Structure formats: structure tokens, C-alpha cells
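Please look through the model below with its sequence beside it. The paragraphs that follow lead from a single loop residue to the strands around it and then to the chain as a whole.

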Amino acid sequence: MRKSIKRMSAPAKLATGVGGAVGVALLAAACSSAGSSSPAASSTPAGASAPSSAPASGGASASGATVITTASSSAGTFLTSGSGRAIYLWAKDTSGMSACTGACASAWPPVTGTATVAGSAKASDLGTITRSDGTKQVTYDGHPLYYFVGDSGPGTASGQGSDNFGAKWWLVAPTGSDVTGSVSSFTAAASSGSGGAAPAAPAAPAAPAAPSSSSAGGGWS
């Protein structure tokens, strides 16, 4: 017995073929959309810069050099810092070495760091030595330089001629020799250098401004 075979018409075959192709295309598009919807873990958001491995600058600035300048008095011209602090040498120091340590260095702080010159001071006479604690001390004509904590401020030289800690302390002439005359005070030369000045006293706070009558809440009665 012969089985009857139904034959599809040409339009039906075309419709079936088109429908299958459209279905495959839609399935492929759906898969592609699903795969692209998940962001990659290593991607960087648009507009964001990649982090730098170098740390941000702390913004700390290098300390400025001390200005070694000069001032004049009846005893002659001598070295001061840029802010007008008297600068001394110690007769006990020898061979470009500092003998002032411990309690001595607390009373007679060494001039440390780097230095520049102004006034009658000579750049060729500037130098440094390394102290026992590793700090660099400024020298002038081979003499280690010091301040004196007993000076009340710029323009005073109460350490002049002292024999504190067993030897004389003298002001220093621009030639590098000691100044032995009596000097109690002097007029400090104007300079822009810091020169190890003592911290300035804090300014008095400004009086609060009277509130405006137009401000929210009205003025004071």
C-alpha cells in the first residue's frame, strides 16, 4: 500500500526557510547582547585616570638658607643673621671643629644648614663642618658659628665677651677675626633672610564684625 506524501508548496517552503533564518538571527543577537551587558572587571570608568604608583607630594618645602649679613656698632662691624641675631665664635674651638656640645650647645645653639651672604660678609669665607650629631654647622673663615639664647632678640649681643663654658665668646668681624669691644645692642640690618629668628608673637585676634541688619534672623538689639 503506497503511503501518500504531502508535498509542500513552494510558498510554504519559502516561508518556513525565512522563519528559521529569522529565528537563528534573533537567537544570535540575544546571545551577543547578553554577553556584552556584563562589564569587564578590569575596565576603567570613562573619564577616570588610572591610579599612579607614585605617592602624592607631601607639599613639604625645603628649608631656606640662613643669610649671614653684617651690622655696625661702636665696636666695629660684625656678623649677624638676616633677621638681626648676633652671631658668635668660641675661642675654645680649634682646627675647624666645634667643642661646644651638650649643655653648651643648648645655651649657644650652632648656626646650622646652609648659608648665603649679604652686607660685608664674604661668600668665600663660608663653609660647613659636620657636628658629632651629624648636623651641618655653618663656619666663617674656619670658625664654627653660634647664636646665644640669652640674647633677648634681634639687635642684642649680651653674649659678647662671655667666658661661659670656659672660654671667650666673641662677635665675628667680616674679616673672620673676633670683635672684642663692648657691644650690648645694635641696629639690625634689614634683610629678607630667616636667619634663625625666634618665632614672632601671635597677632591679637581681630574684633568680630557687627552683624548686618539684613542678615537672616535680624540684627542684635
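**A walk through the predicted model**

Aspartate 141 is partly exposed, with a relative accessible area of 38%, where buried means under 20% relative accessible area, exposed over 50%, and partly exposed in between, with a 1.4 Å probe and protein chains only. The structure is a predicted model, in which local features need pLDDT of at least 70 and side-chain atom pairs count only at pLDDT 80 or more, while totals for chains, interfaces and linings use all residues. Residues are numbered from 1 along each chain as its sequence is written, and side-chain values use heavy atoms, with hydrogens and water left out.

Aspartate 141 lies in the loop between E6 and strand E7 (143-144), and although aspartate 141 is not a glycine, its phi is positive, at about 55 degrees. Phenylalanine 165, placed in the loop between E7 and E8, is another residue other than glycine with a positive phi, here near 65 degrees. Phenylalanine 165 is partly exposed, with a relative accessible area of 35%.

The strand names used here come from DSSP runs, in which helices (H or I) have at least four residues and strands (E) at least two, numbered from the N terminus. By that rule the chain has two helices and nine strands, and from the N terminus on the elements run α-β-β-β-α-β-β-β-β-β-β.

Next comes the pairing of E5 and E6. Two strands pair if DSSP finds at least two bridges between them, and E5 and strand E6 (residues 136-140) pair in the antiparallel sense over five bridges. Within this pairing, threonine 128 has valine 138 in E6 as its bridge partner. The hairpin of E5 and E6 has five residues between the strands, and glycine 134 in that hairpin takes a positive phi near 95 degrees.

Threonine 130 lies in strand E5 (residues 126-130) and is partly exposed, with a relative accessible area of 42%. Leaving aside residues up to four places away in sequence, threonine 130 touches Thr135 and Lys136, a contact being heavy atoms within 4.5 Å. With lysine 136 there is also a polar contact between the two side chains, at 2.8 Å; such a contact is a pair of N or O atoms within 3.5 Å, and within protein one must be able to donate a hydrogen and the other to accept it, with residues adjacent in sequence counting only if both atoms are side-chain atoms. The C-alpha atoms of threonine 130 and glycine 96 are separated by 9.9 Å, although the two residues are 34 residues apart along the chain.

A further group of strands forms an open sheet, three strands in the order E3-E8-E9 with antiparallel pairing. Strand E3 (88-90) and strand E9 (178-179) stand at the edges, each with a single partner strand, so one side of each is left without a neighbour in the sheet. Three bridges join E3 to strand E8 (residues 169-172), and leucine 89 stands opposite tryptophan 170 in E8.

What does tryptophan 170 touch, not counting residues up to four places away in sequence? Its contacts are Ile87, Tyr88, Leu89, Gln160, Gly161, Asp178, Val179 and Thr180.

Two kinds of side-chain link remain to be described. The structure holds one salt bridge, defined as a side-chain nitrogen of Lys or Arg within 4 Å of a carboxyl oxygen of Asp or Glu, and this one joins lysine 122 and aspartate 125 (3.5 Å, N to O). Lysine 122 is partly exposed, at 38% relative accessible area, whereas aspartate 125 counts as buried, at 16%. There is also one disulfide, a pair of cysteine sulfur atoms within 2.5 Å, which joins cysteine 100 to cysteine 104 with S to S 2.0 Å. The link is left-handed, with -110 degrees about the S-S bond, and both cysteine 100 and cysteine 104 are buried.

For the chain as a whole, 28% of the 221 residues count as buried. Among contacts between residues at least 6 apart in sequence, 67% join residues at least 24 apart. The chain exposes about 14000 Å², of which carbon and sulfur atoms supply 59%; accessible areas come from the Shrake-Rupley method with a 1.4 Å probe, and for residues only the protein chains shown count as cover.
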